[in-house]
Amino acid sequence: MNELLWYTSRATGVVSLALLTAVLVLGALTAGRRAPHRVSPAVVMGLHRSLALGTTTFLIAHIATAVGETYVNIDLVSAFLPFTSGYEPLWVGFGTIAFDLVLALVVTSLLRHRLPERLWKAVHVLAFALWPSAVVHGWAMGTANQPLLRGSTLACAAIGLAALAWRVVSTHHDRDRRRAVALQEWS
């Protein structure tokens with residue numbers, strides 16, 4: 001039973017990181033200055049939200065199985081309070097930070113219509129800290145002799161970094177027009 005929990009914890013961790021990377025990419029697309037032309041933004045946003053929900057589900061399964069198995073010492077407090085784990089406190093702590101940020105994002109997203117938009121956006125920007133924390137956790141906690149685990153973490157890191165780089169360097173499709181309007185004198 002303990003071995004089953006161990007493998008389930010690892011598998012759900014890998015799936016969580018892959019889904020989180022997909023959520024990051026879709027978030028960069030929807031928040032980017034160049035939205036996809038062939039796909040409706042509503043479809044992309046719906047997929048972003050659905051994958052975020054799936055990520056949360058797999059993440060909860062990952063944490064529950066990590067706490068439930070007894071091969072390593074990770075207690076329930078360590079799931080919420082970073083750097084308190086009896087096993088690899090630093091690397092588990094990065095995962096805890098990611099989970100805490102997921103909780104903040106989920107709660108503020110559920111309350112989005114009751115919160116000021118600036119507050120929601122300020123909290124949602126934390127996603128840019130969530131994803132690297134999860135990647136560091138996945139890389140450090142992954143098994144070195146399992147190339148599939150290392151490779152999947154590395155692939156997620158490469159894809160996520162490419163999406164973030166695209167988000168930073170992309171410009172508005174009407175950049176020249178915006179610049180011309182900004183240079184006009186007000187009458």
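**Close-up views of a predicted model**

**View 1. Helices α2 and α4 pack against each other.** Here α2 (residues 41–68) and α4 (residues 89–110) pack at an angle of about 145°, and their axes lie 12 Å apart. Keep in mind that this is a predicted model. The crossing of α2 past α4 is left-handed.

**View 2. Now for the side of α2 that meets α4.** From α2 come Thr-56, Leu-59, Ile-60 and Ile-63, and they meet Phe-99, Val-102 and Val-106 of α4. Sorted by class, this contact has six nonpolar residues, one polar residue and no charged ones. As for the spacing, residues three or four places apart point the same way because an α-helix has 3.6 residues a turn.

**View 3. Helix α2 from end to end.** Which residues of α2 are buried? They are Val-44, His-48, Gly-54, Thr-55, Thr-56, Leu-59, His-62, Ile-63, Thr-65 and Ala-66. The cover over these buried α2 residues includes α1, α3 (76–80), α4, α5 (117–124) and α6.

**View 4. Take a look inside the largest nonpolar core.** This core has 20 residues, and Leu-130 and Trp-131 touch the most other members. At least two core residues come from each of α1 (2–31), α2, α4, α6 (127–141) and α7 (147–169).

**View 5. Zoom in on Trp-131 and what it touches.** Leaving aside residues up to four places away in sequence, Trp-131 touches Leu-20, Thr-21, Leu-24, Cys-156, Ala-157, Gly-160, Leu-161 and Leu-164.

Technical notes: Residues are numbered from 1 along each chain as its sequence is written. This is a predicted model: local features need pLDDT of at least 70, side-chain atom pairs count only at pLDDT 80 or more; totals for chains, interfaces and linings use all residues. Side-chain values use heavy atoms; hydrogens and water are left out. Axes are lines fitted to C-alpha atoms, for helices over the stretch in contact, and angles run from 0 to 180 degrees between N-to-C directions. Helices (H or I, at least four residues) and strands (E, at least two) are DSSP runs, numbered from the N terminus. A crossing is left-handed if the near helix is turned anticlockwise from the far one by less than a right angle, and right-handed if clockwise. Contact means heavy atoms within 4.5 Å. Ala, Val, Leu, Ile, Met, Phe, Trp, Tyr, Cys and Pro count as nonpolar, Asp, Glu, Lys and Arg as charged, and the others, Gly among them, as polar. A nonpolar core is a set of buried Ala, Val, Leu, Ile, Met, Phe, Trp, Tyr and Cys residues joined through side-chain atoms within 4.5 Å. Buried means under 20% relative accessible area, exposed over 50%, partly exposed in between (1.4 Å probe, protein chains only).
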